[in-house]
Amino acid sequence: MKVSIITPSFNSEKTIEETIKSILNQTYKDIEYIIIDGGSRDKTLEIINKYKDKIAKIISEPDKGIYDAMNKGVKLATGEIVGILNSDDIYFDEYVIENIVKAFKENDIDCLWGDLVYFKDNTNKFIRIWKAGNYKPEIFKTGWVPPHPTFFVKKWVYEKYGYFRLDFPVAADYELMLRFLEKYKIKGYYLPKFLVKMRAGGNANKLKNIIKGNLE
């Protein structure tokens, strides 16, 4: 069962190497790794090219933002399962993809999500834990949402139900998960394991973007 992992990046020289290593160090080896760069002007591409023999596809060109980059990656993906890991996030440990594939194989599901921790840059200190929990119909109305970096989806779901909407510049990941689970009722599964470490203070966590996302 091939897993495609997409990393969108833009001027990510400070963090992307750690992201790349967290994917290449996975115990599960049937991984197609795709990096979609927005035309970085720092050393991002120089770092990416150090690992180019282990990366299936590398594209660097201007785009319309992070969700446009994600869409490009998803459309290029040839794996049965698709996951997205941003260029400042890392997988929790080397067994993450192995555990995800095992869960897909053992359960009749179309998508999966798990737990996430926020960590402070340059430390191993966790400053917040996001326990996702199970999905129930209409739970999105209560404020529930799974952490998007832990969200893995069968490729056919994107092909049938659509990609990230670019008219939601901040909340497109939320809208996509809402659409897949609530509107089209794909079969989801909560894997109660930590899957991703996210740097605190990233763009998605800034107060103004949280407010804008809520408005969207």
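In strand β4 (residues 81-84), G83 is the bridge partner of I5. Helices (H or I, at least four residues) and strands (E, at least two) are DSSP runs, numbered from the N terminus. Strands β1 and β4 run parallel and are joined by four bridges; two strands pair if DSSP finds at least two bridges between them. The model is predicted: local features need pLDDT of at least 70, side-chain atom pairs count only at pLDDT 80 or more, and totals for chains, interfaces and linings use all residues. Residues are numbered from 1 along each chain as its sequence is written, and side-chain values use heavy atoms, with hydrogens and water left out.

Strand β1 (residues 3-9) also pairs with β2 (residues 31-37), in the parallel sense, over seven bridges. Here S4 has E32 as its bridge partner. With helix α1 (residues 16-24), β1 and β2 make a right-handed β-α-β unit. Right-handed means that, with the strands pointing away from the viewer, the path from the first strand over the helix to the second runs clockwise.

Seven of the seven residues of β1 are buried, so the strand is largely enclosed by the rest of the structure. Buried means under 20% relative accessible area, exposed over 50%, and partly exposed in between (1.4 Å probe, protein chains only). In a regular strand the side chains alternate between the two faces of the sheet. Both faces of β1 are covered. V3, I5, T7 and S9 are buried on one side, and S4, I6 and P8 on the other.

Helix α4 (residues 96-106) has V96, I97, I100, V101, A103 and F104 buried. These residues fall within an arc of 160° seen down the axis, so they line one face of the helix. The arc is that of the directions from the helix axis to the C-beta atoms. The face turned away carries the exposed residues K105 and E106.

A nonpolar core is a set of buried Ala, Val, Leu, Ile, Met, Phe, Trp, Tyr and Cys residues joined through side-chain atoms within 4.5 Å. The largest has 31 residues; W113, F151, Y158, F164, F180 and L181 touch the most other members. Helix α6 gives the most to this core, with five residues. Apart from it lies another core, of 30 residues, among them Y33, Y91, V96 and L191.

F180 lies in α6 (residues 172-183). Its relative accessibility is 0%, so F180 counts as buried. Contact means heavy atoms within 4.5 Å. Not counting residues up to four places away in sequence, F180 touches partners including F151, V157 and Y161. F180 and V157 are 23 residues apart in sequence and 7.8 Å apart in space, C-alpha to C-alpha.
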